[in-house]
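Colleague: I am new to this structure and would like to learn how to read it. Could you take me through it feature by feature?

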Number of protein chains: 2
Amino acid sequence: MNDSYYALDERTAIEYARACAPIHALLPPGEPLLCEEIGDGNLNLIFRIVSARDRARSVIIKQALPYVRLVGESWPLSPERARIESDALTLQAQLCPDLVPQLYHYEPTLYLTVMQDLRDALIMRKGLIEGQRYPNFAEQIAEFLAQTLFKTSDLFLDSAAKKQAVIRFTNPELCKLTEDVIFTEPYLADAPNNRHNPLIDPARIAALRANADVLREVRWLKWAFMTRAEALIHGDLHTGSIMVTPEHAWVIDPEFAFYGPIGFDIGAVLGNLVIAYAAQPGHNPDQQQHAAYQDYLLQTLAEVWQRFATRFDALWCAHDPAAPTAFRQSFMLALLRDSIGFAACKMIRRVLGVAHVIDLEQIADPAQRARAETWVLIIAERLLLERASIADIAALLATIRECNVGDGR
Amino acid sequence: MNDSYYALDERTAIEYARACAPIHALLPPGEPLLCEEIGDGNLNLIFRIVSARDRARSVIIKQALPYVRLVGESWPLSPERARIESDALTLQAQLCPDLVPQLYHYEPTLYLTVMQDLRDALIMRKGLIEGQRYPNFAEQIAEFLAQTLFKTSDLFLDSAAKKQAVIRFTNPELCKLTEDVIFTEPYLADAPNNRHNPLIDPARIAALRANADVLREVRWLKWAFMTRAEALIHGDLHTGSIMVTPEHAWVIDPEFAFYGPIGFDIGAVLGNLVIAYAAQPGHNPDQQQHAAYQDYLLQTLAEVWQRFATRFDALWCAHDPAAPTAFRQSFMLALLRDSIGFAACKMIRRVLGVAHVIDLEQIADPAQRARAETWVLIIAERLLLERASIADIAALLATIRECNVGDGR
């Protein structure tokens, strides 16, 4: 890190905004500005800068801290990830401009980005807890996934250009974080960062951590994460990295971006929809209502995959009409199975690892929360063990539905 | 390329050697020197510099040309590969010093390396044509493969160090060459670089190129080659990149080195042993003798795999005693199947692609040569289609032995 770095506070964030020429059209110099730190994530400071004259004019300043905010200064982390985020956001904006916030400015010295304030949008995770429906979400996230994953891959790019992109998006620290907190620590009984609800049956957790087939699959998925440079993936595409209005979705926070397995991003979306599915009874005691919403979530999950697969294949055929049908079909099936495996890892880590999610944490009754968390573990374990024989998205839905223990009734 | 580059000739190679301090202990200044250009490869100039006073004192100067020597200046190729070769040789020498030539000096301006002259050794391909046996070869090549592939992988290296190594060994031009000449062009009827023996049944070639299952598998293997950064692979480990004496083997020419799939190197060794197997009747008309030698070649092939697998697993267990047995076993099986797939691609390209091998080319009778080449195609096609169900090395040998057409009897 450079010597000129300092962490902003609400006062210096306003000073920075005032001096930032790229946003003067939106917030002219001399405009009285208000600032609020609104970060609820694990890694960064997030300031909302608003005109005191017109609350509709605002920007977000996001600054990378040199440590993991969730843990504290004892866990240092290079703010270099801000450069990755800015580069990834720029590239995503070229591929699907409506589906990411607009980037106004990147400041390498302070590792900060100034970007569009999606002020009418909500973190999707919160909307799912509330039981909101997003009729355009599946189509929009499928478009984001298909565009960003196909057009940064060897299926689309020139061979040498892709290899240069791999170098540019090498992201060792955030990859290591994922390797540790998703693929390693949740399976270790003694990893000090882990925590879990003590009301989950300890025998179940011990059995999961001792299951040789589970450990084999998780090691394969970790190996895939570490070795398969397939596309520029977002790298952290859970429902806390998606903002939504009733009509629109945006993907934010690509600081984990690197060249990794395509299924990792898809699995993140699918796995977090399954978490929302298992959590919903804990947020809505009305059995009929929560069952209907759970149906909606699984239909959405299926629609995400189907729209993604259709779009990805269409981009592929348009770009390479000679791509053999048998290869395209077997590629999409392998990708579904990869995605299911990554989804399962992302589910387990939210119950047993260091970073939890409000879908589960906000279930007030610890016993009911334990039922939801147990349900997540049961579904994830089945997905890990059965993914190699799941033949299509209908079979995935059937497998999830069969795991009906712990529905809170 | 820099302006100071010039291609050496026999006179300037001697001048270079005289001025090269790192070899003065071997060839002192003032020593009368002899030089011979001995390159028979596709890409480079190779000079042997010998003391006129003592023929036992000699070095090799290898210089990368800025074009593909096999094709000519119309196919430009950056000599940057010489830097990759020098870096890879240095790393290999740390891991298995007895199994690579000693590097005396690398000259970045001229893209040349000065290295040990393995003057008593023969290119292995020539020895195999002659029916020579190399009782230590399997053990030595297995050690080279296990050391270089395990210790440059994520199974051994620190996560960040491996990612830096991926960057350092990014080798876009030579990877593109492999992508084109191994995975793409041999399957295109109209690729202008292709050539093949006109006595091979055209219907067989057309059927291979139209077989949807073959094309699917080859695309998967090309995708694996382009995306799977598993280890620093040699990248061109055929029997023309191995030098042998009756007791010893050395691996040379790692200019194609990059982070790729582990099975690519293993497949190169296996596939070229199968080519030698199919070619042997064309070099030795004595049925009993060539059958016995073919048995020796298949036993060697099995021994290479078994010794490699044992050694790789031993290195793995020593480094990571907690690596789950179920993962290690499924990893080795997947690696065998990868290796078989790459072996098949490397066999087909030597019959239908741009670069052929003397094992086949030196069979004088074109009809007998066509029988050997056809045999190579038949074995390769079966391996491509059946590799996913081959359970061990014995099953691989059985599959190869079942393809007994075209043995020249």
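Modeller: Gladly, and let us start with contacts: two residues are in contact if their C-beta atoms, placed from the backbone, lie within 7 Å. Among contacts in chain A between residues at least 6 apart in sequence, 73% join residues at least 24 apart.

Colleague: What should I know about the numbering and the kind of model before we go on?

Modeller: Residues are numbered from 1 along each chain as its sequence is written, while chains are lettered from A and ligands numbered from 1 in the order in which they are written. This is a predicted model, where local features need pLDDT of at least 70, side-chain atom pairs count only at pLDDT 80 or more, and totals for chains, interfaces and linings use all residues.

Colleague: What is pLDDT, and what does chain A average?

Modeller: pLDDT is the predictor's confidence in each residue, from 0 to 100. Where it is low, the predicted coordinates should not be read in detail. Chain A averages 95, and 98% of its residues score at least 70. For the complex, the predictor gives an ipTM of 0.95 and a pTM of 0.96.

Colleague: How many helices and strands does chain A have?

Modeller: Helices (H or I, at least four residues) and strands (E, at least two) are DSSP runs, numbered from the N terminus. Chain A has 14 helices and 12 strands. Its radius of gyration is 21 Å, close to the 22 Å that the globule rule gives for 409 residues, so chain A is as compact as a globular protein of that length. That radius is taken over C-alpha atoms, and the globule rule is 2.2 Å times the number of residues to the power 0.38. Along the principal axes, the C-alpha atoms of chain A fill a box of roughly 60 × 55 × 40 Å.

Colleague: Which parts of chain B touch chain A?

Modeller: Each chain brings 26 residues to the contact. On the chain B side, helix 5 (159-168), helix 6 (172-184), helix 8 (212-227) and helix 11 (325-352) each supply at least two residues. Helix 8 of chain B gives the most, with 9 residues. By type, this side of chain B divides into 13 nonpolar, 4 polar and 9 charged residues. Ala, Val, Leu, Ile, Met, Phe, Trp, Tyr, Cys and Pro count as nonpolar, Asp, Glu, Lys and Arg as charged, and the others, Gly among them, as polar.

Colleague: How much of chain A is buried?

Modeller: A residue is buried if 20 or more other C-beta atoms lie within 10 Å of its own, exposed if 12 or fewer, and partly exposed in between; the C-beta atoms are placed from the backbone. Buried residues make up 48% of the 409 residues in chain A.

Colleague: And what is the nonpolar core?

Modeller: In soluble globular proteins, nonpolar side chains tend to be buried together. A nonpolar core is a set of buried Ala, Val, Leu, Ile, Met, Phe, Trp, Tyr and Cys residues joined through C-beta atoms within 7 Å. The largest one has 202 residues, and Val376(A) is among those with the most contacts inside it. Beyond its neighbours within four places in sequence, Val376(A) is in contact with Ile275(A), Ala278(A), Met347(A) and Val351(A).

Colleague: Is Tyr134(B) buried or exposed?

Modeller: Tyr134(B) counts as buried because it has 21 C-beta neighbours inside 10 Å. Its place is in the loop between helix 3 (124-129) and helix 4 (137-150) of chain B. By contrast, Asp98(B) counts as exposed, with 11 such neighbours, and lies in the loop between helix 2 (81-95) and strand 6 (103-107) of chain B.

Colleague: What is the phi of Tyr111(A)?

Modeller: Phi of Tyr111(A) is near 55 degrees, a positive value in a residue other than glycine. Tyr111(A) sits in the loop between strand 6 (103-107) and strand 7 (112-116) of chain A.
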